[in-house]
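Here is a friendly walk through a two-chain model, written for someone who likes to know the cut-offs behind each term. Please have the viewer open as you read.

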Amino acid sequence: MSQRTFKVWRGDANGGAFVDYQVDVQEGMVVLDAIHQIQRQHAPDLACRWNCKAAKCGSCSAEVNGKPRLMCKTRLDALPASEAISVSPMKTFPIIRDLVTDVSWNYTVNKQIPPFTPAPDATFLMQQCDVDRVQEFRKCIECFLCQDVCHVLREHNLQSQFFGPRFLVRAASLEMHPLDTLDRLKLLKDQGGVGLCNITKCCTEVCPEEIHITDNAIIPLKERVVDKYYDPLRIVLRVLTGAGGNSKGK
Amino acid sequence: MAETVSILEHKGLGVTQRRDNWWIKPLLVFIGLSAFGVYSTWAAWQGNNFLFTGHGAYYLSPFYSPQVQLWFGLHLPFSFAFLILWIPLGFRATCYYYRKTYYRAFFLDPAACAVGEPKHRHYHGERKFPFTVQNIHRYFFYLATIVLLFLWYDAVRAFFFRGATGHLQFGVGVGSVVMLVNVIALSGFSFGCNSLRHLVGGKLDCFSCSRTARARYKIWGKVSILNLRHAEWAWVSLFSVGLTDLYIRLCAMGVLHDARLLLIK
């Protein structure tokens with residue numbers, strides 16, 4: 001059995017620092033196993049949020065060697081053996097203690113998005129081809145790693161103007177739903193700040209569910225916003241025909 | 001919500017806890033795009049050696065196609081390549097994939113994921129001019145598709161060689177293959193375009209609601225397949241178009257001999 005050094009960020013809202021811990025390493029261990037071992041052997045007061053340990057609850061998000069990751073899905077043998085492993089809380093969100101951050105801002109954003117609104121007489125029989133596209137977005141486990149890595153939130157602190165990738169995915173799942181009747185494009189353009197995304201695809205890179213966030217959600221939303229607000233021919237056509245330009249065409 | 005300030009708040013260019021060589025990829029992209037920019041500008045400025053007609057061949061550089069100056073009898077004080085190149089340049093500059101690459105490699109916004117950026121006074125993303133121009137990407141696609149049709153014509157024409165009697169004969173030269181590979185790469189890039197993906201079917205909410213919608217769903221699926229590898233097509237086509245110009249230029253200058261692989265008389 002070998003040992004590895006972990007540098008775990010310890011602290012709270014007032015500040016903190018990385019603390020070194022030695023961990024006995026066994027084959028197949030993930031970072032969350034190491035954190036639990038540290039809690040058992042060295043620091044029972046180390047705060048860490050986790051639940052399923054199966055990459056499905058989205059609770060154990062953190063930054064391992066500087067990259068946003070689920071601790072339960074990051075195997076130690078996938079990390080360079082020659083150096084210590086750093087574990088720190090998600091940088092974008094306010095720290096509560098140690099590895100636990102306050103992600104409640106996400107829930108306030110979620111409330112701003114009008115929910116699924118079918119027509120009163122909607123028939124809930126759907127073809128598979130219509131289900132497949134929005135089904136991808138339903139895989140989201142709300143780990144908020146995409147929100148953490150998004151530079152609009154992380155570097156520019158534009159939480160007040162931008163929903164972030166997670167909620168653009170949610171908006172896409174509603175906008176592309178064949179039975180939904182609402183048009184959320186104005187919301188996405190203005191309060192949602194879809195134009196703030198400069199599609200650098202970091203959200204896609206870190207998504208543990210491998211959702212194609214940028215290509216399948218954000219870019220299609222940007223194109224729908226272009227249809228309604230920027231395409232000069234469409235604008236002229238709408239003026240000439242008097243069409244309202246509802247994204248749902250209803 | 002807790003109000004916090006911690007040591008993790010440190011920001012600035014290159015500030016990160018990442019241990020990997022995150023800077024290599026943006027550096028390679030910077031070098032690759034810069035090299036292509038320098039070469040293509042130089043090649044466009046030249047205004048010569050863009051057509052190789054040796055041994056009956058007809059190889060036209062993609063930087064100089066179509067030859068619009070011949071259509072209108074123009075006598076320009078500058079290379080006519082500039083009448084064409086703004087179209088593929090605009091198409092690539094507004095392409096969603098290239099936007100990612102140059103925002104990362106040139107604007108460092110961000111250089112890599114979870115890496116600090118230069119200090120910005122105000123970040124507007126793509127909401128302010130000139131970045132709002134990105135919204136007309138679809139129009140550059142339409143124009144680039146017209147140019148692509150001419151490049152397909154040129155590629156097919158490159159398989160026909162003028163014999164001693166003046167008749168065209170089917171044949172295959174190295175240049176023919178180079179031009180064919182180039183136009184295939186350009187097509188793979190163009191027809192995986194995100195805007196095209198939206199226009200052909202992505203904008204629909206219901207793929208099964210009509211016969212037209214079902215047909216568009218099938219086309220959307222095909223474009224999506226190409227779109228999955230849009231980045232690879234972008235790089236392959238970027239280099240293929242530059243190398244095609246270089247090959248034709250070197251043949252026209254007499255530096256290279258275009259080998260004839262097949263000629264049916």
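## Confidence and conventions

What is the mean pLDDT of chain B, and what percentage of its residues reach 70 or more? The mean is 92, and 96% of the residues of chain B reach 70 or more; pLDDT is the predictor's confidence in each residue, on a scale from 0 to 100. The model as a whole scores ipTM 0.90 and pTM 0.92.

This is a predicted model, in which local features need pLDDT of at least 70, side-chain atom pairs count only at pLDDT 80 or more, and totals for chains, interfaces and linings use all residues. Residues are numbered from 1 along each chain as its sequence is written, while chains are lettered from A and ligands numbered from 1 in the order in which they are written.

One stretch calls for some care: over residues 1-6 of chain B, pLDDT stays under 50. The model has 17 contacts beyond four places in sequence for these residues, a contact being two residues whose C-beta atoms, placed from the backbone, lie within 7 Å. Where pLDDT is low, the predicted coordinates should not be read in detail.

## Chain B at a glance

Chain B has nine helices and five strands. Helices (H or I, at least four residues) and strands (E, at least two) are DSSP runs, numbered from the N terminus. Along the sequence, the pattern of chain B reads α-β-β-α-α-α-α-β-β-α-α-α-α-β.

The C-alpha trace of chain B spans about 85 × 50 × 35 Å along its principal axes. Among contacts in chain B with a separation of 6 or more, 74% join residues 24 or more positions apart.

## The sheet in chain B

In chain B, three strands form an open antiparallel sheet in the order β3-β4-β5. Its edge strands are β3 (160-162) and β5 (260-263), each pairing on one side only. Two strands pair if DSSP finds at least two bridges between them. Neighbouring strands of this sheet are turned by 45° against each other on average, direction ignored; axes are lines fitted to C-alpha atoms, for helices over the stretch in contact, and angles run from 0 to 180 degrees between N-to-C directions.

β3(B) and β4(B), the latter covering residues 168-173, pair in the antiparallel sense over three bridges. Here B:R162 stands opposite B:L168 of β4(B). Helix α6 (residues 174-190) of chain B packs on the sheet, where it touches β4 and β5 of chain B, and its direction makes about 75° with that of β4(B).

## Buried spots in chain B

Helix α7 (residues 194-202) of chain B is mostly covered, with eight of its nine residues buried. Among them are B:L196, B:H198 and B:V200. What do the buried residues of α7(B) pack against? Their partners are α9 of chain A together with α4 (96-105), α5 (137-157) and α8 (211-228) of chain B.

B:A111 lies in the loop between α4 and α5 of chain B. Why does B:A111 count as buried? Because it has 26 C-beta neighbours inside 10 Å. Leaving out residues up to four places away in sequence, B:A111 touches B:W23, B:P26 and B:R104. B:A111 and B:W22 are 89 residues apart in sequence, yet 8.3 Å apart in space, C-alpha to C-alpha.

Chain A is divided into domain 1 (2-101) and domain 2 (104-241), with bounds from an automatic or database domain assignment. Taken over C-alpha atoms, the centres of these domains of chain A are separated by 31 Å. Their contact takes 13 residues from domain 1 and twelve residues from domain 2. Strand β4 (residues 67-70) of chain A gives the most to the domain 1 side, with three residues.

Strands β1 (residues 2-12) and β2 (residues 15-25) of chain A pair in the antiparallel sense over eleven bridges. They form a hairpin with two residues between them, and A:S2 stands opposite A:V25 in β2(A).

Between the chains, the contact takes 52 residues from chain A and 40 residues from chain B. Helix α9 (residues 213-230) gives the most to the chain A side, with eight residues.

Note on methods
Buried ≥ 20, exposed ≤ 12 C-beta atoms within 10 Å, placed from the backbone.
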